[in-house]
Amino acid sequence: GELLKSAHLVPNVKNGNTEGFMVRMIRPNSLLAQLGLRVGDIVMEVNGVELSSPEKALQIFTQLRDARNISLGLVRNGEQLSFDYAVD
């Protein structure tokens, strides 16, 4: 729950289709900020699953509660980046 309160992400809609979720707000020093997310980033996939709808995003974030590894694919300033994290 705290993880979801630490940032505000909105669907990134292009031509009527959701293409990832844009980071609109992120709390300083939150886990997501420490992971390297920034305002304006578009999170395209989490653990290899594309964020193609709000329902898919909710499903993925629910699964993250028990994840030991997190892989993020995102677009920042037009550049594709990927981040991999081990969760203790």
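1. Two strands are said to pair if DSSP finds at least two bridges between them. In this predicted model, strand β3 (residues 42-46) is joined to β5 by four bridges, and the two strands run antiparallel. Within this pairing, valine 46 is found opposite leucine 72 of β5.

2. Strand β5 also has a partner in strand β6 (residues 79-86), to which eight antiparallel bridges join it. Here isoleucine 70 stands opposite tyrosine 85 in β6. Together β5 and β6 form a hairpin that leaves two residues between the strands, and asparagine 77, which lies in the turn, has a positive phi of about 55°.

3. As for burial, six of the eight residues of strand β5 (residues 69-76) are buried, so this strand is largely enclosed by the rest of the structure. Over the protein chain, buried residues account for 33% of the 88 residues.

4. Turning to the overall fold, the protein chain contains three helices and six strands, which follow one another along the sequence in the pattern α-β-β-α-β-β-α-β-β. The radius of gyration is 12 Å, close to the 12 Å that the globule rule gives for 88 residues, so the protein chain is as compact as a globular protein of that length. Along the principal axes, its C-alpha atoms fill a box of roughly 40 × 25 × 20 Å.

5. Of the contacts between residues at least 6 apart in sequence, 35% join residues at least 24 apart.

6. The chain carries 9 positive and 10 negative charges, whose mean positions are 7 Å apart.

Technical notes
Residues numbered from 1 in each chain as written. Predicted model: local features only at pLDDT ≥ 70, side-chain atom pairs only at ≥ 80, totals over all residues. Heavy atoms only, no water. Rg over C-alpha atoms; globule rule 2.2 N^0.38 Å. Buried < 20%, exposed > 50% of the residue type's maximum accessible area, 1.4 Å probe, protein only. Contact = heavy atoms within 4.5 Å. Lys, Arg positive; Asp, Glu negative; His and termini not counted. Charge placed at Lys NZ, Arg CZ, Asp CG, Glu CD.
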